[in-house]
Amino acid sequence: MTVSEKDTQKVNLLNFDAEGLKKFCEDLGEKPFRAKQLERWIHRRGASDFSEMTDLAKSFRAKLEKVAEVRGPEIIRDKTASDGTRKWLLSVGNGNAVEMVYIPQDNRGTLCVSSQAGCAMNCLFCSTGKQGFNRNLKTSEIIGQLWHAEHTLRRDLEITDENERVISNVVMMGMGEPLQNLDAVIPSLRLMLDDNAYGLSRRRVTVSTSGLVRQIDKLGELCPVALAVSLHAPNDVLRDKIMPINRKHNIESLLEACKRYLKVAPRDFITFEYILIGGVNDSVAQAKELITLVQDVPCKFNLIPFNPFPGSGLKRSEPEAVQAFADRLNGAGIVTTVRKVRGDDIDAACGQLAGEIKDRTRLAEKRANREIIIKEISQEKEKEEHHARRNPKSGNERRE
Ligand code: SAH
Ligand code: SF4
């Protein structure tokens with residue numbers, strides 16, 4: 001057996017949360033408290049070399065050396081934008097890569113993490129969706145993003161105190177649909193919250209979903225953290241077109257799931273994300289429809305001006321339309337923010353986390369469908385505008 005063959009058979013300890021590490025130690029005939037020590041070395045101190053772990057017995061270290069490893073993601077690119085935003089590209093094997101982004105702000109540092117290589121949800125406006133799905137990331141590849149970013153940033157900033165954290169917030173808003181990969185996402189979330197690992201507050205860890213209803217319940221049951229829901233349309237007709245998941249779980253069932261989630265959530269509101277796409281979902285009439293739609297769900301809105309990407313066939317809303325939309329929502333008492341574009345010079349803006357994926361889904365078919373849908377949406381808009389021109393009064397009412 002060659003050395004590299006032997007290496008690949010080692011157990012990567014980044015795949016285990018506290019419970020998993022405990023079981024691993026027990027299986028090796030070690031006391032359960034060793035798991036806590038190991039966890040602190042790996043996650044609080046960023047150690048990957050067992051010889052550094054000096055408070056572990058020599059015999060235990062020797063065993064670990066033989067059977068285990070702490071292997072973080074393989075970084076293939078590392079770029080920092082002029083505003084301090086930093087983006088890493090991680091190899092996930094077979095020529096595929098995913099991205100993570102660190103966004104420094106005045107009093108916090110946010111890491112945007114990926115959960116899948118590609119995504120199967122095929123949302124019309126998303127460059128990840130456009131690439132199709134390759135595979136779920138493992139726990140070691142999800143928590144490995146935080147492990148790598150936190151300890152690299154600490155080293156760069158020369159922080160030696162293990163109690164001082166650079167990353168205070170994590171958002172699962174990178175590539176992929178986190179709720180389609182709960183088996184790996186849940187242990188990763190548990191490590192983010194665990195005091196022996198990253199000790200983040202539940203309110204500062206956010207999972208973003210396109211609306212998988214049953215899995216929202218599951219998340220609430222297993223590890224409730226802050227929830228962001230990508231809504232993006234004020235009615236089923238439009239949402240069916242731009243987010244295929246809506247054909248399975250419509251808006252009503254999604255909002256019901258949000259209300260159930262609020263009973264266990266660490267925050268008393270759901271964040272709705274709403275991309276503003278020029279001429280598709282950004283009219284004042286649509287803002288009004290949205291206000292009625294969410295009237296009995298405690299929520300905040302995060303408006304995201306659409307990030308165009310090659311071949312999207314869609315455009316970003318005009319700044320005036322963004323402002324008018326935000327004003328409507330705020331005017332109705334819904335706290336609404338417009339997401340600022342960060343890291344623009346390194347394509348690190350949200351929804352731009354494209355990575356490089358070899359698709360395993362039927363992409364050609366999806367592409368053809370997407371062109372038909374974009375055509376349909378623009379034809380409907382044309383019809384509406386034509387109607388508004390012929391009936392100026394009702395048109396004014398609709399568009400204000
Ligand atoms: N799959 C999850 C999380 C990843 S996407 C979800 O859909 O919620 C993270 C956010 O980026 C989502 O709100 C998504 O709708 C948004 N997004 C996707 N493509 C975008 C684009 N081109 N411009 C702006 N935001 C985009
Ligand atoms: Fe997947 Fe989210 Fe992109 Fe939709 S928006 S394709 S769910 S990553």
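In this predicted model, an N or O atom in the side chain of His232 lies 2.6 Å from an oxygen atom of ligand 1. Ligand 1 on its own exposes 530 Å², and the protein buries 95% of that area. One belongs to Ser208, at 2.6 Å from an oxygen atom of the ligand. The other belongs to Glu177, at 3.4 Å from a nitrogen atom of the ligand.

| Side chain | Atom of ligand 1 | Distance |
|---|---|---|
| His232 | oxygen | 2.6 Å |
| Ser208 | oxygen | 2.6 Å |
| Glu177 | nitrogen | 3.4 Å |

**The shell around ligand 1**

Ligand 1 is surrounded by 19 residues, and the closest of these are Phe125, Ser208, Ser230, His232 and Asn307. Sorted by class, the shell holds eight nonpolar, nine polar and two charged residues. Two strands, β10 (205-209) and β12 (270-276), each contribute at least two residues to this shell.

His232 itself sits in the loop that joins β11 (226-230) to α9 (236-242). Its phi angle is near 65°, a positive value in a residue other than glycine. His232 counts as buried because its relative accessibility is 3%, and the cut-off for that class is under 20%.

**The shell around ligand 2**

Which residues surround ligand 2? They are Cys119, Met121, Asn122, Cys123, Phe125, Cys126, Gly129, Gly176, Glu177 and Ser210. By class, this shell is made of five nonpolar, four polar and one charged residues.

Helix α10 covers residues 251-262. Its 12 residues reach 16 Å from the first C-alpha to the last, close to the 16 Å expected at 1.5 Å a residue. The buried residues of α10 are Ile251, Leu254, Leu255, Ala257, Cys258, Tyr261 and Leu262. These residues are on the same side of α10 because they cover an arc of only 155° around the axis.

In helix α8 (residues 213-222), Val213, Ile216, Leu219 and Gly220 are buried. The arc they cover around the axis is only 115°, which puts them on the same side of α8. Arg214 and Glu221 are exposed on the other side of this helix.

Helix α12 (residues 319-331) has 13 residues, which should span 18 Å at 1.5 Å a residue; the end C-alpha atoms are 18 Å apart, in agreement with that value. Val322, Phe325, Ala326 and Leu329 are buried in α12. Viewed down the helix axis, the buried residues fall within an arc of 95°, so they line one face of α12. On the other side of α12, Glu320 and Gly331 are exposed.

**Loop and strand residues**

The loop between α6 (139-156) and β9 (169-172) contains Glu158 and Thr160. Phi of Glu158 is near 55°, which is positive although the residue is not glycine.

Thr85 belongs to the loop between β3 (74-80) and β4. With a relative accessibility of 0%, Thr85 counts as buried. Its side chain makes a polar contact of 2.8 Å with the side chain of Asp83.

Leu89 is part of strand β4 (residues 86-91). Leu89 also counts as buried, at 4% relative accessibility. In sequence, Leu89 and Glu99 are 10 residues apart; in space, their C-alpha atoms are 4.6 Å apart.

Key. Residues numbered from 1 in each chain as written. Chains lettered and ligands numbered in written order. Predicted model: local features only at pLDDT ≥ 70, side-chain atom pairs only at ≥ 80, totals over all residues. Heavy atoms only, no water. Near = heavy atom within 4 Å. Polar contact = N/O pair within 3.5 Å; in protein donor to acceptor, adjacent residues only side chain to side chain. Areas by Shrake-Rupley, 256 points an atom, 1.4 Å probe, with all protein chains shown as cover. Helix = DSSP H or I, 4+ residues; strand = E, 2+ residues; numbered from the N terminus. Nonpolar A, V, L, I, M, F, W, Y, C, P; charged D, E, K, R; others polar. Expected span 1.5 Å × (residues − 1). Buried < 20%, exposed > 50% of the residue type's maximum accessible area, 1.4 Å probe, protein only. Arc of directions from axis to C-beta.
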